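Q: Please pick one part of this model and go through it closely. Keep it brisk, and define the terms as you go.

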Amino acid sequence: MTKRRELAKWLVVLVALHCVIACAGFFAPYDPVTQDREHPYAPPSRLHFLDTQGRVHLRPFFYPLRIREGSFDQYQEDTAQPIPVKFFVDGARYKLLGWIPCHLHLFGVDDARVYLLGSDGYGRDQLARILYGGQVSLLAGWLGAGITLSLGLGVGAVAGYYGGWRDEILMRLAELFLALPWLYLLFGLRAFLPLSVSPLEAFLLIVVVSGTLGWARPARLVRGVVLSAKQRDFVRAARGFGASDSYLFRRHILPETSSLLLTQATILVPQFVLAEMTLSFLGLGVPEPVASWGNLLANLQQYSVLMSYWWMYLPALAMVPFFLTYLGLASALQEWSDFSKIGASREQG
Amino acid sequence: MTILRPKSCHYGELLRLLVALVVSAAPVANALTQQANSNEELLKLSGEAGRSGGRLVTSLRAEPKTLNPVVATDAPSQEVIGAMQADLVHINRATQLTEPALARSWKISPDGLDYTLTLRQGLRFSDGQPLDAEDVLFTFRVYIDEAVHAPQRDLLIIGGKPITVRKVDAQTLVFHFAKPYSVGERVFDGLAILPRHLLEKPYQDGKLAQLGSLSTTANQWAGLGPFRLKEYVPGQRLTLERNPYFWKADTQGQRLPYLNELVFLFVPSADAQVLRFQSGETDLISRLGSENFSVLAGQQRGYTMADAGPGLEYNFLFFNLNDLRDKTGPDTAGKQKWFREVKFRQAVSAAVDREAIVRLVYRGRGAALWGPVTPGNKRWVDAAVPHPARSLDKARQLLRDAGFQWTNKVREEPALVDAEGKPVEFSILTSSSNADRTKMASLIQDDLKQLGMRVQVAPLEFRSLIDRVTQTKEYDACVMGLVSFDADPNSDINVWLSSGGTHLWNPSQTHPATSWEAEIDRLMGLQLTVTGGVQRKKLYDRVQEILAENQPMIFLASPDILVGAKNTIGNFHPAVLEPYVLWNVEQLYLRGTAGNAGR
């Protein structure tokens, strides 16, 4: 029972995190590509409850940031005009979940822009960029993992079930794929592509390429499970009664792989998110001005950014809770599936 | 018997005697080279007198490819050669005016065709060999020889004919131009005089181009510059040492240069150069980006950062105006209908927020541009070129006049479409290695989005970018920058002539494609032969005005020249012409005491 509760706990956290990213438009106060050229590299605005006279305000407020005279990136708070935070305000238009037009935001302020997590070199809101960037990176992770798993399942099942020369060929091919230097392959591939790819094309390209390159490992795992499953007594019995291959697959063999696939998925999604980030970090991923966690971090390649603006590191922190929950979920799943297997064998016993 | 006698005398003693002689003679010889010989005409430089000795370390982004001025084209090579070679007449990087160098003086004949140059007395190459008019004759023979492919050759072809050189006597030479040449004696700047005694044989064997690699031994290479080759460590550094025969002296008659050694470290990236400078490993840093400049300026520890003002680099956006009719390539040809429309280009120019570019890309350390001549080039900039403020309304009006309109869909941002309803979309190429220009393109992308244009930024590796722009012509638009090597308009003549190879928007045309390009051709041709600065200035002003009117290039901004040096370095006076810091390397010296000299 505790195993199941553990699993549920991780799942709830994961779903909550994904909801925040999926509804980025609502949680982010601004559009991620709108530039505020008066506020490049603005540090995170501080949320105040106490004003300069020492009075306590129940509604938190900001002081607007002004650039110090003669400086480029030194800001100071203008304490003359506090701007109270408002909740559920109208703001920039966005599409909820990609298609419901909306303009309601969780919070916002009147007549100014505040940056909870600072702004980048173009004065774009880091919070909005991290949230919207998460959409790109996580979706790339999900789709990539999906492609990999379905390929891996197909190849692994065929190799494991039919064996013989099919197994030989497919497994040698898998070894070849494991040995490929995929990063350089991607570099090479990018060189062949047309010059200006739209953000959507670039995104699909990353997903498809990273997805198809990663099938070998899950295929080998699936093959192992299928190999052992087809030897099981009940499978042989079913075959003895004249069950067809497709029936056996559907009814007995593929269900055996389900827990493996689930655990693999929870491990692969963060891996593919990382792959997207690596590519975008190197400038091969989603192009500007679209945000993704990788190209947000690409700013850190510049020494001056690295030294001067600590809030540019925040996108790196954003992915930590995601990866933690994915890994937590993976281990909970593992334990749960072991546990349920033991339970199942006891029942049979 | 007498011959054998020395054998019996003690060799050890003899050796000791010899060593003692050499040791005692060394300071004498040193003192001799420090002081001018009576028959030597040293060029006395004004400016702060420094102290001799010490070693100065600076960094280069890449290893120089060669020390040979006849084949050098890359910037690191040119920087190193600049410290090792000298020219007849030199452009002072600070005043941007010519001044005597190896030639003590020059006279121009009334028809402007003959230049009589008189060489300084007692000049010697860095290996001690004397220089005379024969060396100069040899040098120009080499530069003009087509088989050598010297990059300087183009500069010496005037009116379709090469300059001819005639020797009058050992110190006097006459240069004959086929046509009057308005650039005048500036043409001699940067033409290093070659040592005939070392290079004549290889030249006759056709092996000149192979000479001067970095692994050349020090005694096989010589020049007339302040420093000479000492040591090269592949992948690490190139060390030059003081040329004891250098022909310049300070106000007190002390022979220059002050420094004993000049070391170039090879540091591959800009950030690594900053780190080296910060840690004190290098004494000088130049070609700094504004972001790194502010990092360094923010934590000044024993060094001074200097902003020398806008340099001669101009960055611009241009559209593909090539004739693509016979190309089956991508849809650029279809978009050229917009690009060729002058109002479209003017609208783009009106929509570009140049102030934001200067502020966000250069952090205020730069100048907005409306023409190719930067405010750093005080003599040639045309004050009459208008500097209109950014105006989206004006841009929209221009587009409307040119037949463009906006879609009016509910809940969608209005998109710009042409008269046939085709949406205006194009991509802008930038060099992926140049963060500044990529940032400019991103800002322009956002500016044009407000006009309803959909623009993609396509960062591309620099070589393939150049290839696309000049060879295959597969691009829509491009953000690029050029650096004039001299303040004189002629340094950019290949950009403005429609037949020029760097006439970027439509290079190497056989006939000018438009009437305004023909007019620029005419004006540029005219200013070449007109003598008298005022008349020339008028002609070049007109060129700048035509460019501003027709916007074949939408000029964006020019960065300041940003440099830094340790506080211990004297005579540090950065200039806006290259080499920004080392132009007066012979006068640079290390302040302070033994600590430096002993390094």
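A: Strand E6 (residues 114–119) of chain B and strand E10 (residues 172–176) of chain B run antiparallel, joined by five bridges. Strands here are DSSP runs of type E with at least two residues, helices are H or I runs of at least four, and both are numbered from the N terminus. Two strands count as paired when DSSP finds at least two bridges between them. B:Tyr115 faces B:Phe175 of E10(B) across the pairing.

This is a predicted model: local features need pLDDT of at least 70, side-chain atom pairs count only at pLDDT 80 or more, and totals for chains, interfaces and linings use all residues. Residues are numbered from 1 along each chain as its sequence is written, while chains are lettered from A and ligands numbered from 1 in the order in which they are written.

Now the side chains of E6(B). They alternate. B:Tyr115, B:Leu117 and B:Leu119 point to one face and are buried (20 or more other C-beta atoms within 10 Å of the residue's own; 12 or fewer is exposed, in between is partly exposed, and C-beta atoms are placed from the backbone).

On to strand E5 (residues 103–108) of chain B. It pairs with E6(B), antiparallel, over five bridges. B:Ala103 sits opposite B:Leu119 of E6(B). E5(B) and E6(B) form a hairpin with five residues between the strands. In that hairpin B:Gly112 has a positive phi, near 75 degrees.

The open sheet has four, ordered E5-E6-E10-E9 in chain B, with antiparallel pairing. E5 and strand E9 (164–169) of chain B are at the edges with a single partner strand each, so one side of each has no neighbour in the sheet. On average, neighbouring strands of this sheet are turned by 20 degrees against each other, direction ignored (axes are lines fitted to C-alpha atoms, for helices over the stretch in contact; angles run from 0 to 180 degrees between N-to-C directions). E9(B) and E10(B) share five bridges, again in the antiparallel sense. There B:Thr164 stands opposite B:His176 of E10(B).

A helix covers part of this. H4(B) packs on the sheet and touches E6, E9 and E10 of chain B. Its direction makes about 175 degrees with that of E9(B).

H4(B) has a helix partner too. H4(B) and H5(B) pack at about 35 degrees, their axes 10 Å apart. The crossing is left-handed, that is, the near helix is turned anticlockwise from the far one by less than a right angle (clockwise would be right-handed). From H4(B) come B:Glu134, B:Asp135, B:Phe138 and B:Val142. From H5(B) come B:Arg196, B:Glu200 and B:Tyr203. They are in contact, meaning that C-beta atoms placed from the backbone lie within 7 Å. By class, this contact has three nonpolar, no polar and four charged residues. Nonpolar means Ala, Val, Leu, Ile, Met, Phe, Trp, Tyr, Cys and Pro; charged means Asp, Glu, Lys and Arg; the others, Gly among them, are polar.

Which residues of helix H5 (residues 196–204) of chain B are buried? B:Arg196, B:Leu199 and B:Tyr203 are. They span an arc of only 85 degrees around the axis, so they lie on the same side of H5(B); the arc is that of the directions from the helix axis to the C-beta atoms. The buried residues of H5(B) pack against helix H4 (133–144) of chain B.

After H5(B) comes B:Gly206, with a positive phi near 75 degrees. The loop between H5 and E11 of chain B also holds B:Pro226. B:Pro226 is buried, with 28 other C-beta atoms within 10 Å. Setting aside neighbours within four places in sequence, B:Pro226 contacts B:Ala83, B:Asn243, B:Phe246, B:Leu256, B:Pro257, B:Val585 and B:Glu586.

Notes
Two residues are in contact if their C-beta atoms, placed from the backbone, lie within 7 Å.
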